[in-house]
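This report walks through selected parts of one protein model. The sequence and the structure come first, and the description follows.

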Amino acid sequence: MDCQLSTTGSSDVAQTILSWPGRFLLIGPWLGDYEILIAPQIPPATVELGCVAQDGHLVVTDTLGHKVRFRAYRTDEAHRSFEVLGKKRPLEALGEVTVTAYLHRTGWSAPGEVVLKRSQARVYRGKTSHVLLGTSWKSIECLHKREEPEVFGPYLSNLKPEPLYFEKEQPFFMLIDDTSVKGQRQSGTSVELFGIERKEFLDFVLGKLRIVLEFNRGDNATALASNFLVAHDLKALDASTIVDIDRSTEIVPPQPSKGPSERHGKAYYRRECVDLRGKWPALAWTRWAANPEAHGAAFAQGMKQMEVLPDLNRIDLHALDQFLRISPSDTLFAAFLMDAAAYVGVGFLEALGSRIRYRWTTLQGQPMPVLFFDEIDSYVSPGAWIAKIWVSKVPTPLPATVAQWAYEIRGVLAFRLRAEFSALGFSPSVTDGFKSLRDRVTESARHVPGTSRILGETHMEVRLLSFGEYEVYYVTREVIDHTGSRYLPVMAVPFSSRTQTWIGSLDGSSPRSPTREDVAIVRFRGNDLVPLGVQLANYPEVGPSFAQRHGPLTLETIAVAAKGQVLTPRLRQARPELKDFLAPIDGQDTGVPLSPYASVLGLIERVEGTTNPFANLGLWRLGLDVSGFRCDVLVRKDRCDGLPAVGNHFTGRVWICATMEPGPVSTGSYIR
């Protein structure tokens, strides 16, 4: 079951803001085994067959016999228009034709089987497609098969299955998107089109179709054929066009443990149907997620043509919101929904105002791709919220929802050191109290003047917030967009005013972590055989040029244990060959650490109790002797196994954080 992050806004917003998929062990080296909760193109490029219902909407049937009612699409032959979500597009009448369609299960170079019997039809041309309207839907072989007698709603829609019923005189339609035609061959007054059939207008190829159009005049046939490339070699055309399922009709025996289902007929166990269930919709979503930006751009272009979006130079969430609210709830279909989600995703990333690695992906339990942020194990689902507006007409407008998402994600990004905050006593656990921590720190920052810093071309403000002896470095950066200038949080680092001075020098071979720009690699006096990663709490003040410093460095340092164990002398003597140590826990083969986390084992020389007033949590401050190197470690009392006392040993995993004296003004990258 997903754990969802609550929000300060609408409860409806909270349902789709952030989720963490399931419960798992965070495998970060410092935390050990702490268990925590983490969280269409229009028109479509396809050839489609079906029936025009009495009210003009389309009932599409694929060549497997599956029927889907698309209320988003309507045709009005009397007014020569094709309608998409209420927006009419003109059609140009080209005359009459005789049409036959074949499914080629093993390729165009092999014989096919009839899916549309030879029938009379009227031909119309749109901007990038052709529409054929014929005499009777009964000409479509796969439409009146009794193997699947129901008509379903599109994937992700709220339409319920209905019994298949049409009046005898209802016409059939054939929608041919020009880009779905891979080639053509003309012979006198006849034209063969070689096109592909897709599943519900998504990038999932169901089959290869051959459409034979017989005209009364050769010039009409030539005019149509001129729109497409010539198919000189059908074998080559077959090789370059891949069908996503095996179109074999052989029967696949059900698993012995399950046996045949009484709910399903023989067709359910055909190879093609079994293969479809195994790949749909996962394969379509994988392809969609490979290039969501292109889908978002194509969506914007299509909506511009439909006069929904007035300006392609900006993301207009308000205009999209208004369009969704006037669109009937029964018109939702997945291809349009997800391309709209890609567009909204761009708007969300713009509102976020921070650089962060992201990807669109599918998660278990989610019916559509989500926008996922690996760095913070969180995601937002624009598609889910669009569906709420489209179907349920939830009152919270899309711009407000996206702004709330941005606020939540920025907070998680800025306070990504949740485990460190918790270890230093700012919150009870990694998840418990996070919102309170974020909101209280953010509110405190409003009352503390900021110090301006410039990193590269980025203007930042740094604030040091004090809570007794405990502190938070709070950093915001300036973002300038069409709304003006604003400062957004980018980083919050817990710290303590009681530090220990460690003197060392940057590691000569690798002065900074190759994976984190704010982690210095330092060899400290007294522990100089082993380089340690040290997170620079004041990195925005120091900048990336710290890596060029030479000679001794003075670092005001704290070491904080996620948890620890006290060892009596008897337990320590059980491993006499093991020397006391302070060593990185994720060093590369070269010995260079990647992070500011280390393992420590040392003799306790001093014990003090302290309390972080922010959450009123008690900590031990332990003075350790690590083979002659003095190291103070802070560990929460409720996370220390055993009562520390002088003469005992302490072991645990620690986070090492320090401040470095700022040098000359730096130009370079900024913290992300």
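The structure holds 33 aromatic pairs; rings of Phe, Tyr and Trp (its six-membered ring) pair if their centres lie within 6.5 Å, with planes under 30 degrees apart counted as stacked, over 60 as edge-to-face and the rest as tilted. In the pair of Tyr 73 and Phe 82, the ring centres are 5.9 Å apart and the planes meet at 40°, so this pair is tilted. One aromatic cluster is formed by Phe 70, Tyr 73, Phe 82, Phe 201, Phe 299, Phe 323, Phe 333, Phe 336, Tyr 343 and Trp 390.

The model is predicted: local features need pLDDT of at least 70 and side-chain atom pairs count only at pLDDT 80 or more, while totals for chains, interfaces and linings use all residues. Residues are numbered from 1 along each chain as its sequence is written, and side-chain values use heavy atoms, with hydrogens and water left out.

Burial is given as relative accessible area: buried means under 20%, exposed over 50%, and partly exposed in between (1.4 Å probe, protein chains only).

| Residue | Relative accessible area |
|---|---|
| Tyr 73 | 1% |
| Phe 82 | 9% |
| Ser 81 | 5% |
| His 130 | 3% |

Phe 82 also belongs to strand S8 (residues 81–84), which is covered on both faces: Ser 81 and Glu 83 are buried on one side, and Phe 82 and Val 84 on the other. Helices (H or I, at least four residues) and strands (E, at least two) are DSSP runs, numbered from the N terminus. Two strands pair if DSSP finds at least two bridges between them.

S8 has a partner in strand S7 (residues 67–76), with which it pairs in the antiparallel sense over four bridges. Asp 76 has Ser 81 in S8 as its bridge partner. The hairpin of S7 and S8 has four residues between the strands, and Arg 80 there takes a positive phi near 50°. S8 also pairs with strand S9 (residues 87–90), again antiparallel and over four bridges. Here Phe 82 stands opposite Arg 89 in S9. The hairpin of S8 and S9 has two residues between the strands, and Leu 85 takes a positive phi near 50°.

What surrounds Ser 81? Leaving out residues up to four places away in sequence, Ser 81 touches Arg 74, Thr 75, Asp 76, Lys 88, Arg 89, Pro 90 and Leu 91, where contact means heavy atoms within 4.5 Å.

An α-helix has 3.6 residues a turn, so residues three or four places apart point the same way.

His 130 lies in strand S12 (residues 129–134). Among the residues that His 130 touches, not counting those up to four places away in sequence, are Leu 94, Tyr 124, Met 174, Asp 178, Leu 224 and Phe 228. The side chains of His 130 and Asp 178 make a polar contact at 3.0 Å (a pair of N or O atoms within 3.5 Å; within protein, one must be able to donate a hydrogen and the other to accept it, and residues adjacent in sequence count only if both atoms are side-chain atoms).
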